[in-house]
Amino acid sequence: MSIQQIHSLDELHQYIAQPGKKLLFKHSTTCPISAKANEEFQAYVQSSGTPAAVVHVIEDRPVSNQIAEDFGIKHESPQIFLLEDGEVRWNTSHWKITRDALKEAVSQ
């Protein structure tokens with residue numbers, strides 16, 4: 001399953017509006033912690049088939065800021081959200097973004 005990269009607010013809102021469970025990952029391309037989280041995220045998505053999207057926080061800052069605003073969750077990066085039917089069911093950041101954590105969150 002391929003990971004959608006979100007560049008615009010339109011793409012963001014379309015993605016959030018899709019039914020079912022999906023992941024949204026905020027990735028900082030300059031941060032080593034984010035690089036590690038991205039590896040875990042990619043590995044999980046490849047093995048699970050859960051729909052997933054990524055926002056590059058530096059390159060697409062307006063989208064990144066909108067996520068914090070829409071969900072009322074303080075911006076961190078790296079940061080990941082499990083969305084279901086337009087709402088955040090779970091989120092975490094930094095070193096806590098692991099394949100196992102994602103697996104557990106999605107299976108609940």
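**Salt bridges in the chain**

A network of salt bridges links K36, E40 and R99. The model is a predicted one, and a search of the whole structure finds four salt bridges.

Consider E40 and R99. The closest N and O atoms of this salt bridge are 4.0 Å apart. E40 belongs to helix 2 (residues 32-48) and R99 to helix 4 (residues 99-107), so the pair ties together parts that are 59 residues apart in sequence. The two partners may also be described by their accessibility: E40 is buried, with a relative accessible area of 15%, whereas R99 is partly exposed at 41%.

Now turn to R89, which forms a salt bridge with E84, the closest N and O atoms being 3.3 Å apart. R89 also forms a salt bridge with E87, and here the closest N and O atoms are 3.5 Å apart. R89 counts as partly exposed, at 44% relative accessibility. E84 is partly exposed at 23%, and E87 is partly exposed at 45%.

The chain has four helices and five strands, which run β-α-β-α-β-α-β-β-α from the N terminus on. Of its 108 residues, 44% count as buried. The chain carries 10 positive and 14 negative charges, whose mean positions are 6 Å apart.

How values were computed. Residues numbered from 1 in each chain as written. Predicted model: local features only at pLDDT ≥ 70, side-chain atom pairs only at ≥ 80, totals over all residues. Heavy atoms only, no water. Helix = DSSP H or I, 4+ residues; strand = E, 2+ residues; numbered from the N terminus. Buried < 20%, exposed > 50% of the residue type's maximum accessible area, 1.4 Å probe, protein only. Lys, Arg positive; Asp, Glu negative; His and termini not counted. Charge placed at Lys NZ, Arg CZ, Asp CG, Glu CD. Salt bridge = Lys/Arg side-chain N within 4 Å of Asp/Glu carboxyl O.
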